[in-house]
Every structure is written in C-alpha cells, then in structure tokens.
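Please work through each task before reading its solution.

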Amino acid sequence: MKLLIINASPNKAEGYTHRTTEHLRKAFMKRGDHQVEQLFLMESNLPYCDGCMGCIKNGIDTCPVREKTAPIEQSIRRADAIVIGSPVHSFNVSALLKNMIDLFVTEVHRPSFFGKKVVVVATCAGGGQPPVLKYMRNTLSLWGMDVVGRLGTAASQFKRPDYVAMVEAKADQLVDKLIAAVEKAEDPSPAMIDLISFRVMRTVMEVNREDVLPDFEYWEERGWMTADYFTDAPRSWWKNQMAKFIGSMVRKQVIGGKLKPVG
C-alpha cells in the first residue's frame, strides 16, 4: 500500500504540520511493508493560479503551468491513501495549499479522484483547526475523495509529553481507519452537503453548457446529469429528498434569473 503525504507548510520538515504527519507516517509504516511518498508544496514551486479558466474551457492540459501540476496529480493517482496537512493561516489553509486547490479547479468541475481515501491535518499556534479541517474536507469531497478522518493539533502543546502521547494515539486510530477504508474500497455514503453540492453543480453544468462544454460533456458521459449523486453509494432517503428540494429551489433561481447580488 502506498501513502502520499502532502505538506502545505512553508516550514517544510521544520514545522508542526510535519511533526503531526510524522505520527501518521510512523503508524502507517508499523502496519506492514508500505511505501510513503512525502511531498512538500514549498519545494514544488507552483506558480500562482491567475484564474485564466483555460483548464475549464479547454481542458486541463491547456493550463499554462501544467508541467508543475501534472507531477502532483500523478502522485495522487498512484497513492492508495493520502494525508494532506496544512498550518492554520489567518483561520484558513496556507497560501500554498489554497494555490494548489485553485490550480486543481477542474477537479471541482470534473471530479476524478474517486476511491482515494484521505486524512486531513491542520496545525496551529492556538485555534482555528475546525473551520480549516471542514474546508479541506468539503473541498476534497468535491474532488471525489473520501475523507475518512481528520486531526488538528496545537503547536503550543507539543512540549507536554501527555499531549504528544494523545496525538500518537489518535494517529494510530486514524491510520487503522485509513487502511481499513482502502482495503474495503467502498464508496462513502454522501453527507447532506455533498448531495446539495452535487445538485448545484449539475445546475451549473446545465446553465453554462455552451461556456463550459467540456464540463457538460464530462457529466453527461457519466450519466450525472440525470443522477442523484456521483456514485451509487447508499444514502439517506430524507437527506436525498432535502437535497432534491434545495437543489430545485436553486435551479429555479438560476434558470429564472432571480439570483441577486450577495450582501
């Protein structure tokens, strides 16, 4: 089994993000003859996404910095399990991770990372882990990934042996869960936010068909334009009905030209 660790800290191996993911790496290696690939985004020298939309309108290979993003995509596709860690910067992910997410915007429009099991990590000096972990989870779910666990740590507490022991114990639990999810290889049951996001994106595909034809064709080829979700994973009947209702309301506003500026 192969684990990919993506570290989005500018401090690379010197930061607490690495210190936290090291507990996960060590727990992973204790459980068999596994492989681990470490990717520090600071060393990837990713140019900033300028929002040219070329990847959306003409395909990912037309991205002007494709030679930089392609190796990261290949690492993700090779991996069986993934850990993505970021420090909390101003109550959000680091600029390094946000830029990578922006450069992979086609995965929001044309998700293809289905089957990838992920643990997300957020580290900070004091607080802010919950919203960052939530953002990471929701974004990666849009990519098709299955976020099976999360871990938030506080740098100020690593001087305490008992705290480090708790982090280690949590890492052991998460790795067991991660490996079990890879071996089980089942599609996750979508949460309410996932079902709603699917329907909203389906409306986007419908309304902007001519402007983003590659998106529409991608969805249509997979039967998503008439589906309730990306996969056939079991889902709650009432959640599906609620998502259907909310999705229909959004569709009426968009199709009927009733959307107003937010403010």
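**Exercise 1.** Which residues are linked with Glu73 in a network of salt bridges?

*Solution.* The model is a predicted one. In it, the network of salt bridges joins Asp61, Arg66, Glu73, Arg77 and Glu107.

**Exercise 2.** Characterise the pair Arg77 and Glu73 by distance, placement and accessibility.

*Solution.* Step 3: Arg77 has a relative accessible area of 35% and is partly exposed, whereas Glu73, at 15%, is buried.

**Exercise 3.** Determine which helices the salt bridge between Arg137 and Asp194 connects.

*Solution.* Step 1: the side chains of Arg137 and Asp194 meet at 2.8 Å, N to O. Step 2: Arg137 lies in helix H7 (residues 129-142) and Asp194 in helix H9 (residues 192-207), so the pair ties together parts 57 residues apart in sequence. Step 3: Arg137 is partly exposed at 22% relative accessible area; Asp194 has 9% and is buried, because the cut-off for that class is under 20%.

**Exercise 4.** Carry out the corresponding analysis for Arg251 and Glu206.

*Solution.* Step 1: the closest N and O atoms of this salt bridge are 2.6 Å apart. Step 2: Arg251 sits in helix H11 (residues 237-255) and Glu206 in helix H9, 45 residues apart, and the pair thus links distant parts of the chain. Step 3: Arg251 is partly exposed, with 35% relative accessible area, and Glu206 is partly exposed, with 32%.

Technical notes. Residues numbered from 1 in each chain as written. Predicted model: local features only at pLDDT ≥ 70, side-chain atom pairs only at ≥ 80, totals over all residues. Heavy atoms only, no water. Salt bridge = Lys/Arg side-chain N within 4 Å of Asp/Glu carboxyl O. Helix = DSSP H or I, 4+ residues; strand = E, 2+ residues; numbered from the N terminus. Buried < 20%, exposed > 50% of the residue type's maximum accessible area, 1.4 Å probe, protein only.
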